[in-house]
Structure formats: C-alpha cells, structure tokens
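Trainee: I am new to this structure and would like to go through it step by step. May we begin once it is in view?

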Amino acid sequence: MEYTELADYPLPAGRLTEWVPRVDDDGWASDSRGLSFTHQDHCERSAPGSWIGTVFEIHRRYDVEAVRATIVAYMGRHEAFRTKVRRDEESGAWQRYTAPTDAVRVIDRAHTEPRTETQVFSHLHSWFGETVSPTAWPHFVLATIEPDDASRALSNGPGESFLLAFAADHSVMDAYSQIYAINEIDRLYAQALEGTDPALPEVGSYVDFSQSERELGDTLTSDHSAVRTWQDFLAVENGRFPGFPLPVAVERASTTDGPAAQSSISSWLLTADQSDAVNAACRAAGYNMQAGILAALAVTNARLSGRTSLRTVMPMHTRDEQKWAASVGWYVGILPMEIQLDNARTFGEALEAAAAAGSANKGLARMPYSKIAQILESTEIPRFVVSYIDLRFLPDAAQWQARKGRALRSNCHADDEVYFWVNRTLEGLNISARFPSSDVASTNVHRFITEFVAVLTAVIDSDGGADTVLTSVSQSVTVAAE
C-alpha cells in the first residue's frame, strides 16, 4: 500500500462519473456535541484545496444503482460523513449540524464523452481540490471510471471491473479510514450488487469520540504534565517544532506569493522477507518493528548530521476502544519524540534508545495538541514528522495489490516541512515523503532515505542482528549545503 499524490497513480482512460452526496436543508438538525480540538483547529487553518482519499479497483461489473446504494450505505455506517459545521460570525463559536442516515441521497453526474488518462486526472485533480473543504458539505465526494477497451487490455485485470476514487476532508478521515475504505466499500458493493453479507463490524461514531476528546481537552491546564512536556520540547528550538536534520529550507524573495508546492516520492525500501528479517532482529532484542524504524532513522541522522539526538514529531492513532477500530474519522494525536543515542554503538543500543523515547511520552497522543497549543499560545505547526504504520493485518490486505489500491493526499505547499510515512505491508516496507521543492532539499532527503535503507540492510546482512555495529557519527554520505 503506497501513500501518494493522484498524479502518481496510473489512471485509466474511460467514462467518468461523479458521485455527490446531498441532504435537503430540512434534513439537518443542530447537534450539541462539540468539535474535537483538532477538528476546530483544522477548520480555522486548513489551506484551500487540501484533501486526502483513496483509489482502487472494484472487480465486479459496473452498475449505477449498486454504486449509489453502496455510497448511501457507507455514509450511513459513519456519522462523520453526515455532519457539518458552521461558525457563528458574532461569537466565533462553531456549531455542529447532523443528518440522519435516511436524509442522505447521492447524485450521479455522468460525463457523456469518454476521457483520456490525462483528462481523467485533470478533472479529478481540479474537482477534488475545489470541492472538498472542512467548512463546506459534503466533506466526501467520489468518482468512478469505467475503463475503455484499450485501458482494460493494458491493465491485464479481470474482464469486469471499474475504478473508484474518492476525496475527503481530513476533518472526517485519517490514514486508517482511507485504507479501511477499500475493504468496506468493496464488500458493500458486493452486497448491493449480489446480495452477499458484507460481514462488517459495528462501528462507533467519530462525532461521539469528538465530544469525548473535547471534554478531555477542557480538563487541561498550564500545569498539566502533558502541557509541560510539550512546552519543554518546543523550548529547545525557541518555541518551534524540530526541523529536518539536514538543510532543506527554501530561500524566497519577499515578493513571492506564499510557499511553493512540495515535491513528493514513494519508494519501496525492503521486500517482505527483508522486513521480516529486520523485525526478527528487533524481536530478538526485545523490541518491536516501530522501535527498529526509529532506531534506524536516529542512526541515519547521526551519520549524516553528526548529532546524536534525533528530534521529530510522530502521529499515533487514538483508537483506544474496539468500537473506534473501523470507524471513519480523524483518530490521530501527535507525540514529541527525542531519541538520544549518546554513546550507542550497536543497533541493539539504538533500539533501546528509540524504545525509551517512545515510552517516555506514552499516552500523550490522546491529549489533544491543539488545546495544548492554545494554552501555550503557540501557532507553530510540525516541520519534521515521521509516521509508521503496520498495515499487514487490516481486512483484505492481501487483495490490495491486485485491486491497485492506494491511499492519496493532495499536493501541499510549504518551504520547510518534511514528512515521512513508513508503511509495512505484505509486500514489504514502503516510504512516502513530501519535502520542499529545491535542489538542496531533494538531495538531502534522498540521501537520508538511502542511508536509512543502508542501516536496515546492514542489520539484515549481518550475523550479529541487534549486535551489529552501526552508530558511527562520521558523515558517511555527503550532505548538500543550503
């Protein structure tokens, strides 16, 4: 499973149909449940044209009414799709409105003429960016593409299939939601088309979760340990989040209109067998794969920057009850992460340092950072973010490759942000990254990733496993200068 931009996905030529949810004005009711602090902050600061989504093939015949029934059923299961917010102009307070399942209808808008691959991409890129917003409903729109004969022949796929792509605002969806959607929508389509039991679990409502997060955030004060931890973490860089350890910043003229669009890559780092070998070395030392990934990144940092401390921010899911496991919503918090290698000389010692850094702030992700930022009077945003997710055990994961499934994100504009998403799948270890569009940033991010792979493969190739000596701080790879 890769996490990329739509431009990197091989869309087929064919017949395009837009699918747009609708609720009549009288279908909305005022809802007293509060917005999560993360949701509120997103509404107040989200950039236009920002969205996340998913694209995949459904390997069954295309049927208009079955698609419509599938979308209605999917939205019916997840209340996050059936809620909207509005800000009171006088008080500045946000008010939620929610619609019941039976108020939702879905309109199909079929394009009469077939589209080329380029035309399909251009339309979806524009439509998703112009339509999806945290403050305008619907927060979720879809498209289907029925491939033409040439595209179907090139794909070497099943005789009956079509592509489904959707975009959603981040306020109602996170990475797990994006990926769960493949299994859930496919099963709901099979039910609509053939009457089969989708065998899907009961799910809780993200709106309920948001209310509980709101109540939790309201208990935070300036002397709470979570607030003090974040205050100390940010104070190291004078109130700013840590940046990528190598030069990436883009110098821009004062007349430039905002930051440039970022560059993006997705790369497979290790095969499934190689990933298993790294995991085995971590387990033998008493740690998990997440600690292994963080340890390897810390070693990479030491080799390239000469610094024995790696500082970053790590997203963590907040699905702490079974009812949230398959629920659509933004169940994500962030952790401050500082890995101190000090005098570590082996991968095992680096593992110990990474695990200690992870456990130091365990549970902090559940504390809404947006509320903490209010208390600290901080408007700063993360600059260097590292995410790790193991996706191997999600429903129908073995079918993602054949379905050409991929999680999507819109293009981002930023001059100094670097994001790494490291995913372990049944196919191996993948990294997706976004970073400033400059020669120095591109050079240093690619070199960082190359050295990261070198650290992991050294563990695989060594008979020593966690005893492998890796952590020399000498600069083994040249770093580009600003």
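Trainee: How do the residues of the lining of the second largest pocket divide into nonpolar, polar and charged?

Mentor: Please keep in mind that this is a predicted model. The second largest pocket holds about 310 Å³ of space, and 18 residues line it. By class, that lining divides into 8 nonpolar, 3 polar and 7 charged residues.

Trainee: Which strand gives the largest share of the lining of the second largest pocket?

Mentor: The residues nearest the centre of this pocket are E237, G243, F244, P245 and R383. The share of a single element is a separate matter. The largest share, 3 residues, comes from strand β11 (residues 309-317).

Trainee: Which element gives the most to the lining of the largest cavity?

Mentor: The count of cavities of 30 Å³ or more comes to 1, and the largest cavity has a volume of about 70 Å³. Its lining consists of M1, E2, Y3, A175, Q178, I179, S387, I389, A407, W421 and N423. At least two lining residues each are supplied by β1 (2-4), α5 (175-194), β13 (384-390) and β15 (418-425). With 3 residues, the element that gives the most is α5.

Trainee: Is the crossing of α9 and α12 left-handed or right-handed, and which residues make the contact?

Mentor: The crossing of these two helices is right-handed. From α9 the contact takes I293, A296, L297, V299, T300, N301, R303 and L304, and from α12 it takes R447, F448, E451, F452, V455 and L456. These residues divide into 9 nonpolar, 2 polar and 3 charged. To restate the handedness, the crossing of α9 and α12 is right-handed.

Trainee: How do the residues of the contact of α9 with α10 divide by class?

Mentor: The axes of α9 and helix α10 (residues 347-360) come within 8 Å and cross at roughly 110 degrees. The two helices are therefore roughly perpendicular to each other. In this contact A291, G292, L294, A295, A296 and V299 of α9 meet F347, A350, L351, A354 and A355 of α10. The residues divide into 10 nonpolar, 1 polar and no charged.

Trainee: How do the residues of the contact of α1 with α11 divide by class?

Mentor: Helix α1 (residues 37-45) and helix α11 (residues 369-376) pack with their axes 7 Å apart, at an angle of about 70 degrees. They are therefore roughly perpendicular to each other. The contact brings together F37, T38, Q40 and D41 of α1 with S370, K371 and Q374 of α11. Its residues divide into 1 nonpolar, 4 polar and 2 charged.

Trainee: Which residues does a cis peptide bond join?

Mentor: Most peptide bonds are trans. With omega of about 10 degrees, the cis bond joins W137 and P138.

Trainee: What is the phi of N238?

Mentor: Most residues other than glycine have a negative phi. N238 is found in the loop between α7 (225-235) and β10 (263-271). Although N238 is not a glycine, its phi is positive, at about 55 degrees.

Notes:
Residues are numbered from 1 along each chain as its sequence is written. This is a predicted model: local features need pLDDT of at least 70, side-chain atom pairs count only at pLDDT 80 or more; totals for chains, interfaces and linings use all residues. Side-chain values use heavy atoms; hydrogens and water are left out. A crossing is left-handed if the near helix is turned anticlockwise from the far one by less than a right angle, and right-handed if clockwise. Helices (H or I, at least four residues) and strands (E, at least two) are DSSP runs, numbered from the N terminus. Contact means heavy atoms within 4.5 Å. Ala, Val, Leu, Ile, Met, Phe, Trp, Tyr, Cys and Pro count as nonpolar, Asp, Glu, Lys and Arg as charged, and the others, Gly among them, as polar. On a 1 Å grid over the protein atoms alone, a cavity is a set of points where a 1.4 Å probe fits but cannot get out, and a pocket is an open set with protein on both sides within 12 Å along at least five of seven lines; lining residues have an atom within 4 Å of a point. Grid points are joined across faces, edges and corners, and a volume is the space filled by probe spheres set on the points. Axes are lines fitted to C-alpha atoms, for helices over the stretch in contact, and angles run from 0 to 180 degrees between N-to-C directions. Angles under 35 degrees count as roughly parallel, over 145 as roughly antiparallel, 65 to 115 as roughly perpendicular and the rest as oblique.
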